[in-house]
Amino acid sequence: MTFFACENLTMRFGGLTAVNDFNLSIEEGEIVGLIGPNGAGKTTVFNMIAGYHRPTGGVIYFGGQRIDGMKANRVNRLGIARTFQNIRLFPELSVFENVLVAHHGRLKSSFFEAMLRTPRYRREEEQMYSRAEHFLAEVGLTDVAHERSGALPYGKQRRLEIARALATGPKLLLLDEPAAGMNPSETVELLELLLRLREKYGLSLLIIEHDMKFIMRICERLKVLDYGMTIAEGRPAEIQNDAKVIEAYLGEE
Amino acid sequence: MELRNNRKMNRRDRLLSLTTTAVFLFLLFLADRFGSDYETRILINCAIFIGLAVSYNLINGVTGQFSLAPNAFAAIGAYTSALLTMTPLEKELSFIVKPLIWPLSVIHAPFIISLLIAGLVTAFMAFLMGFPVFRVRGDYLAIVTLGFGEVVRVVANNAQSITNGPLGLKGIVNYTDMAWSWGFAVITVFLIYRLVQSSYGLALKAIRYDETASEAVGVDTFRHKMLAFTVSAFFGGVGGGILAHFITTISPNLFTFFLTFNLLIIIVIGGLGSTTGAVIAAFMVTLGGELLRVVEEPLFIGGLHIPGIPGMRMVIFSLILILVMIFARHGIMGSQEFSWRWAIEKVESFRRPKGGDA
Ligand SMILES: Nc1ncnc2c1ncn2[C@@H]1O[C@H](COP(=O)(O)OP(=O)(O)OP(=O)(O)O)[C@@H](O)[C@H]1O
Ligand SMILES: [Mg+2]
């Protein structure tokens with residue numbers, strides 16, 4: 001059984017084909033990179049996988065079932081979590097609450113039990129608190145737990161978004177430009193963090209990133225998109241020397 | 001330090017809450033025993049508005065879905081419960097144009113049962129309305145609920161064999177006293193506050209701030225919006241029932257958009273999303289409304305006769321609303337809730353000497 005696979009994924013917006021005939025399979029524990037110039041269709045691929053766009057064509061398999069066209073919250077509960085290119089925290093909630101809410105999707109108690117605070121609900125709440133504390137510590141944000149998340153500096157917001165995604169208990173994590181806006185030392189920390197999390201939680205990662213040094217170092221395999229088409233794929237060293245990739249990137253500048 | 005402590009009630013908090021509630025209920029008891037009829041009526045009014053505002057705030061404030069239906073919900077609750085508590089004989093005498101349809105004509109239920117059914121019927125209406133609206137993200141909720149209010153009014157006016165048309169229902173038993181009204185308010189506030197403080201409340205707030213991100217963390221936004229809307233409608237319907245048995249006469253024109261407008265003012269002044277704020281503002285607006293009655297009555301100042309201007313209170317309330325929107329957009333409480341920890345920290349920050357020379 002394949003862990004994760006997309007077959008012939010296509011997404012058209014009116015006359016624009018944002019993603020064309022995209023194929024990808026990911027093994028458990030693998031780290032795959034998705035790169036390409038601006039507007040290549042990378043985020044659109046994420047949106048289809050995570051349940052935000054119903055693909056115009058093609059199928060997506062995850063854990064032995066088809067997930068294309070499923071609603072985003074269901075995809076998440078099946079074990080795919082994502083972060084957003086332009087960070088989407090709940091700015092008015094505290095850092096701690098941002099991670100707490102990520103456990104809500106797995107809650108078994110009904111709202112009625114929550115209102116009455118039945119023993120089962122309380123047990124689940126305890127668990128929810130422990131998990132949130134745990135994941136905040138994991139990304140090193142314990143000391144700012146009670147701050148408003150919207151007030152955090154950029155780098156910490158990125159890490160919080162990762163903690164929140166992690167707290168939903170994914171097997172596959174989709175990261176949309178996680179290093180964007182980070183300085184070099186933050187980027188190195190992020191790289192170490194992601195590798196550690198992958199080991200510890202047996203995650204697979206699919207990462208979109210423009211920072212070439214970062215993506216070449218972290219990924220085992222890369223896919224290159226340009227105008228929705230896959231123009232290259234392979235190990236980082238192969239991609240770096242691929243004529244089509246160089247042209248796509250240079251042609252843009 | 002364990003992070004969770006900030007969100008949890010400890011023994012001290014629970015004791016403080018119980019004591020305060022007990023003291024408050026005792027004060028109400030005193031007011032009931034020794035207050036004038038007029039004063040108790042105002043307090044009952046307060047209680048009803050607290051319950052209605054807090055339940056309205058759940059959908060509009062906490063979840064951020066702009067509903068304009070609370071008047072319609074109150075109307076459904078009022079009619080449902082009144083039709084259940086009136087005796088078959090009263091109903092036969094009231095429905096002179098067209099007889100009331102069976103089985104409503106023979107049913108006779110105790111007050112508490114009628115309230116629960118009123119709540120359930122109203123919640124069911126909200127469920128039917130929410131289903132199509134929240135499928136498309138809820139952007140049309142305001143329009144649909146506004147339309148629904150009109151539909152309810154038209155039905156109340158025309159479905160004579162159920163609502164008695166424009167004549168309305170008269171001679172509803174005056175069950176609602178201090179105990180019932182405040183019982184309603186306290187239970188509503190307690191349950192909704194707990195819901196808001198729970199994991200569910202967190203999910204509802206998340207939806208308010210960012211629906212897309214909520215879905216990404218596994219929150220079924222459709223289900224949760226439905227939940228907030230139906231729970232809000234349930235308590236709104238019960239509140240309507242309480243109201244009907246307080247004023248004892250209901251008619252289609254009682255539940256106009258003014259009721260919704262009043263509640264909207266209350267939750268905005270209180271701070272959208274704050275249950276505490278809704279309670280405080282409901283108190284202020286209801287009492288304020290009574291005090292402001294003066295401006296609508298003719299006045300004699302130093303021999304000068306100033307005629308009263310009916311509707312002046314509404315003008316003043318609207319002005320207050322506009323001022324709040326401009327100068328204090330977050331209302332009294334923002335989206336904060338009262339907690340003992342918060343209160344104690346506030347008090348201590350007052351006591352602490354200012355200027356850092358501590
Ligand atoms: N919802 C949408 N409706 C219409 N067009 C869209 C939509 N989403 C994306 N597009 C278009 O699809 C193309 C691919 O966009 P996408 O965001 O996937 O690119 P990207 O590779 O993530 O680019 P970047 O590196 O700038 O983030 C773009 O031309 C974009 O304008
Ligand atoms: Mg993108």
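This briefing walks through the ligand sites, the cores and a few individual residues of the structure above. This is a predicted model, so local features need pLDDT of at least 70 and side-chain atom pairs count only at pLDDT 80 or more, while totals for chains, interfaces and linings use all residues. Residues are numbered from 1 along each chain as its sequence is written, chains are lettered from A and ligands numbered from 1 in the order in which they are written, and side-chain values use heavy atoms, with hydrogens and water left out.

**Magnesium site**
- Thr43(A), through OG1, and Gln85(A), through OE1, coordinate the magnesium ion (ligand 2) at 1.9 to 2.1 Å. Donors here are N, O and S atoms within 2.8 Å of the metal (3.2 Å for Na, K and Ca), and water is not among the atoms, so sites may look incomplete.
- The two sit 42 residues apart: Thr43(A) is in helix 1 (residues 42-49) of chain A, and Gln85(A) is in the loop between strand 6 (80-82) and helix 3 (95-100) of chain A. Helices (H or I, at least four residues) and strands (E, at least two) are DSSP runs, numbered from the N terminus.
- Thr43(A) is partly exposed at 25% relative accessibility, and Gln85(A) is partly exposed too, at 34%. The classes are buried (under 20% relative accessible area), exposed (over 50%) and partly exposed in between, with a 1.4 Å probe and protein chains only.

**Around ligand 1**
- There are 14 residues around ligand 1, and Gly39(A), Lys42(A), Thr43(A), Thr44(A) and Gln85(A) come nearest; a residue counts as near if one of its heavy atoms lies within 4 Å.
- Oxygen atoms of ligand 1 lie 2.8 Å from a polar backbone atom of Gly39(A), 2.7 Å from a side-chain N or O atom of Gln85(A) and 2.9 Å from a side-chain N or O atom of His210(A).
- On its own, ligand 1 has 630 Å² of accessible area, and the protein covers 64% of that (Shrake-Rupley method, 1.4 Å probe; for residues, only the protein chains shown count as cover).
- Helix 1 of chain A gives the most to the shell, with 3 residues.

**Nonpolar cores**
- The largest nonpolar core has 90 residues, of which Leu58(B), Leu169(B), Trp182(B), Ile250(B) and Phe255(B) touch the most other members. Such a core is a set of buried Ala, Val, Leu, Ile, Met, Phe, Trp, Tyr and Cys residues joined through side-chain atoms within 4.5 Å.
- Another core, of 63 residues, lies apart from it and includes Ile35(A), Leu173(A), Met182(A) and Leu190(A).

**Buried polar residues**
- Asn98(A) lies in helix 3 of chain A and is buried, at 0% relative accessibility.
- A 3.0 Å polar contact joins the side chains of Asn98(A) and Ser149(A). That term means a pair of N or O atoms within 3.5 Å; within protein, one must be able to donate a hydrogen and the other to accept it, and residues adjacent in sequence count only if both atoms are side-chain atoms.
- Asp220(B) is buried at 18%. Leaving aside neighbours within four places in sequence, Asp220(B) is in contact (heavy atoms within 4.5 Å) with Lys71(A), Asn73(A), Arg77(A) and Glu215(B).

**Positive phi**
- Most residues other than glycine have a negative phi.
- Glu177(A), however, has phi near 50 degrees, and is buried at 8% relative accessibility.
- Thr248(B) has phi near 60 degrees and lies in the loop between helix 11 and helix 12 (257-270) of chain B.
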